[in-house]
Amino acid sequence: MQQQHCPYCVGRGYFQLITGGSETCPSCEGTGSEKEEAREEMAT
Ligand SMILES: [Zn+2]
């Protein structure tokens, strides 16, 4: 059973803002793991 880290927040579950705060990762909703069910490929 492998658990992949969320590619957006690198498994942290949140983003570190430059302003000093933190924002919950919208992709994994703060879990830090990549969702396999609702995986959407976003070309950025
Ligand atoms: Zn995430």
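This is a predicted model: local features need pLDDT of at least 70, side-chain atom pairs count only at pLDDT 80 or more; totals for chains, interfaces and linings use all residues.
1. Terms first. Helices (H or I, at least four residues) and strands (E, at least two) are DSSP runs, numbered from the N terminus. By that rule the chain has 0 helices and 2 strands. Strand β1 covers residues 14-16. Strand β2 covers 22-24.

2. Residues are numbered from 1 along each chain as its sequence is written.

3. Burial overall. A residue is buried if 20 or more other C-beta atoms lie within 10 Å of its own, exposed if 12 or fewer, and partly exposed in between; C-beta atoms are placed from the backbone. Of the 44 residues in the chain, 7% are buried.

4. Contacts overall. Two residues are in contact if their C-beta atoms, placed from the backbone, lie within 7 Å. Take the contacts in the chain with a separation of 6 or more. Residues 24 or more positions apart account for 24% of them.

5. Cys9. This residue sits in the segment before β1. Is Cys9 buried or exposed? Cys9 counts as buried because it has 23 C-beta neighbours inside 10 Å. Leaving aside neighbours within four places in sequence, its contacts are Tyr14, Phe15, Cys25, Cys28 and Gly32. Glu34 is 25 residues from Cys9 along the chain, and their C-alpha atoms are separated by 9.7 Å.

6. Tyr14. Here we are in strand β1. Tyr14 has 15 C-beta neighbours inside 10 Å, so it counts as partly exposed. Beyond four places in sequence, Tyr14 is in contact with Cys9, Ser22, Glu23, Thr24, Cys25 and Gly30.

7. Phe15. Strand β1 also holds Phe15. Phe15 is partly exposed because 16 other C-beta atoms lie within 10 Å. With neighbours within four places in sequence left aside, Phe15 is in contact with Cys9, Ser22, Glu23 and Cys25. Pro26 is 11 residues from Phe15 in sequence; C-alpha to C-alpha, the two are 9.4 Å apart.

8. Glu34. Look in the segment after β2. Why does Glu34 count as partly exposed? Because Glu34 has 16 C-beta neighbours inside 10 Å. Which residues does Glu34 contact, leaving aside neighbours within four places in sequence? They are Gln4, His5, Cys6, Pro7 and Cys28. Take Pro7: it is 27 residues from Glu34 in sequence, yet 7.1 Å away in space, C-alpha to C-alpha.

9. Backbone at Val10. Val10 lies in the segment before β1. Val10 is not a glycine, yet it has a positive phi of about 55°. Val10 counts as exposed because it has 11 C-beta neighbours inside 10 Å.

10. Backbone at Glu29. Glu29 belongs to the segment after β2. Its phi is near 60°, a positive value in a residue other than glycine. Glu29 has 12 other C-beta atoms within 10 Å, so it is exposed.
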